[in-house]
Amino acid sequence: MRLLLPATLLLLTAPAAAQVARVEVQPDRATLIAGNQLQLRVVARDASGREVPGRRVRWEAASADAAVVDSTGVVTGFREGVARITATIDGVPGIAELAIEPKSAARIDVFAEHPTIVVGGNTLLRGVARTDDGAPLPRAVFTFRSSDDRVATVDPSGVVTGRGEGSAIFAVQTGAVRSEVRVQVATNRVARLMVNGPVQGQVGDVVHFRASAEDRRNLPVTNPPVRWTVSGEGADIGSDGGFVAERPGTYLVTVVAGNVAGVHAIRVTPREAPPRAGAVTPPQRAAVPAGVPPSLRGARSVWIEDTLAYIPDSAGALRVFSLGNPAMPRELGGWQMVSTAGPGVPPTPRTIHDVMVKDGLAYLAFGRDGLAVLDVGQGGHGGSPAIPRLVSLLVPLPPADATPETPSIARAVLRHGRYLYLAAGAATGRVLVVEVTNPQQPDVVAEIRLPAGGPARLWAAGDTLYIEAGGTVRAVDVRGELRGDLVGQGR
């Protein structure tokens with residue numbers, strides 16, 4: 001006789017579904033070279049340690065600019081950094097931390113501080129190794145070699161010394177990548193050097209010195225190839241004779257051409273407190289116009305210029321809309337940074353953190369990819385709002401104390417006067433001052449170092465730059481020409 005059990009009894013005796021107690025990601029720690037991929041695997045276990053199969057996994061990368069992960073657990077490394085990968089099953093997370101090592105160098109940007117020197121004179125070779133997507137490699141080690149030691153020699157640190165009249169080509173190499181730069185060596189016609197310039201200045205003010213030279217017949221030497229130096233550690237002088245001091249004191253400025261030198265003293269006094277005028281309330285952020293596609297409603301930044309809206313999307317593209325009819329914005333065109341990708345490797349993810357448009361040029365803060373300058377109409381480089389044209393890219397070197405966990409990042413951008421201010425990393429609190437008089441060659445000329453934790457917003461009024469960082473607003477005096485460490489100068 002067959003015994004029939006009640007349905008309720010059958011339900012009570014059926015084995016309960018196993019509960020996930022922990023999730024293991026394998027490997028949970030690994031190193032990955034940027035540009036390569038790694039397959040992660042996941043195991044779910046119950047409270048007794050038994051494997052729980054057949055559950056759905058949700059993968060997520062905390063830092064998408066360093067690495068991304070797909071739905072199958074394949075991680076693609078893009079840039080140096082630390083990538084935290086999370087695999088979640090039934091609400092229980094498992095974590096893997098991957099160290100993304102930088103790509104190999106693809107090119108070297110090299111130049112001589114002085115491309116022409118005299119016999120007995122010196123210049124310094126400076127090189128920046130970059131990956132195929134332009135990221136700088138600050139820890140690259142270079143070797144140097146001269147094509148003709150009779151004309152000029154070079155030491156292991158890149159210091160070139162002129163030996164005889166002529167031209168020498170210097171090979172600069174790191175790994176398998178090599179670049180070249182030419183240095184011209186001329187006979188030293190200079191017999192006497194004089195330094196012309198002020199005898200007194202103020203901390204933080206940039207003053208310019210000029211060298212005048214004479215030959216043995218007391219005739220002037222036009223444009224002599226000279227090198228500038230300054231005594232002490234509280235001041236600096238550029239190759240153009242531009243001098244700035246961070247501390248009061250008396251400094252000796254020296255100009256050298258071969259074995260001939262001229263010396264000039266300047267006394268630097270403390271900086272006067274700048275006038276503070278106007279409110280420090282930040283300007284209101286522009287709102288995303290109504291009527292744009294829903295995917296743009298959460299844009300990080302938007303810039304409204306007359307009847308145009310410049311809005312970055314989540315894919316790292318700048319999209320331009322006409323607001324002739326505010327209720328129905330019409331998309332005109334846009335621009336996206338070209339990405340390098342190998343077989344089977346997705347394009348490098350790009351993120352536009354901030355955008356500003358001024359005088360027909362758009363300035364885009366591209367995170368680790370630095371600053372992009374676009375002509376968006378009447379910027380002098382053939383661009384228009386519908387078809388922006390790239391004018392230049394600037395990927396600044398990270399600071400010496402940067403780590404893979406705190407990379408240099410361009411998060412906020414402000415154009416004010418002749419300078420562009422680029423907030424370059426919330427972890428480091430660093431604002432770069434970029435000379436953009438020539439938009440084809442943006443040049444980092446100064447910096448503002450603040451405590452870690454900001455900067456979040458930038459704005460300016462008159463001669464004052466305001467930086468909102470960590471809930472605190474700091475005012476910086478930006479009068480006149482800017483060079484060096486503005487905080488150290490008491491600005």
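Select Arg79 to begin; Arg79 is found in the loop between strand S7 (74-77) and strand S8 (81-89). The model on screen is predicted. With a relative accessible area of 6%, Arg79 is buried, because buried means under 20%.

Keep Arg79 selected and show Asp369. The side chains of these two residues are joined by a polar contact of 2.7 Å. Next, show what else surrounds Arg79. Neighbours within four places in sequence aside, the residues in contact with Arg79 are Ala34, Asp65, Ala66, Ile100, Thr348, Pro349, Arg350, Arg368 and Asp369.

Now move one place along the chain and select Glu80, which lies in the loop between S7 and S8. Which residue forms a salt bridge with Glu80? Arg139 does, with the closest N and O atoms 2.1 Å apart. Arg139 lies in the loop between strand S12 (122-130) and strand S13 (143-146), so the pair ties together parts that are 59 residues apart in sequence. The two partners can be told apart by accessibility: Glu80 is buried, at 19% relative accessible area, whereas Arg139 counts as exposed, at 56%.

Side chains of opposite charge can pair when their charged atoms come close. The structure holds 27 salt bridges.

Go to Glu97 and Arg29, whose side chains meet in one of these salt bridges, at 3.4 Å from N to O. Glu97 sits in strand S9 (residues 92-101) and Arg29 in strand S2 (residues 29-33), so this pair ties together parts that are 68 residues apart in sequence. Is Arg29 buried or exposed? Its relative accessibility of 61% counts as exposed, because the cut-off for exposed is over 50%. Glu97 is partly exposed, with a relative accessible area of 25%.

For the last stop, select Arg271 and Asp205. Their side chains meet in a salt bridge, 3.0 Å from N to O. The pair links distant parts of the chain, 66 residues apart: Arg271 is in the loop between strand S27 (260-269) and strand S28 (303-305), and Asp205 is in the loop between strand S19 (200-202) and strand S20 (207-208). Arg271 is buried, with a relative accessible area of 16%, while Asp205 is partly exposed at 29%.

How values were computed. Residues numbered from 1 in each chain as written. Predicted model: local features only at pLDDT ≥ 70, side-chain atom pairs only at ≥ 80, totals over all residues. Heavy atoms only, no water. Helix = DSSP H or I, 4+ residues; strand = E, 2+ residues; numbered from the N terminus. Buried < 20%, exposed > 50% of the residue type's maximum accessible area, 1.4 Å probe, protein only. Polar contact = N/O pair within 3.5 Å; in protein donor to acceptor, adjacent residues only side chain to side chain. Contact = heavy atoms within 4.5 Å. Salt bridge = Lys/Arg side-chain N within 4 Å of Asp/Glu carboxyl O.
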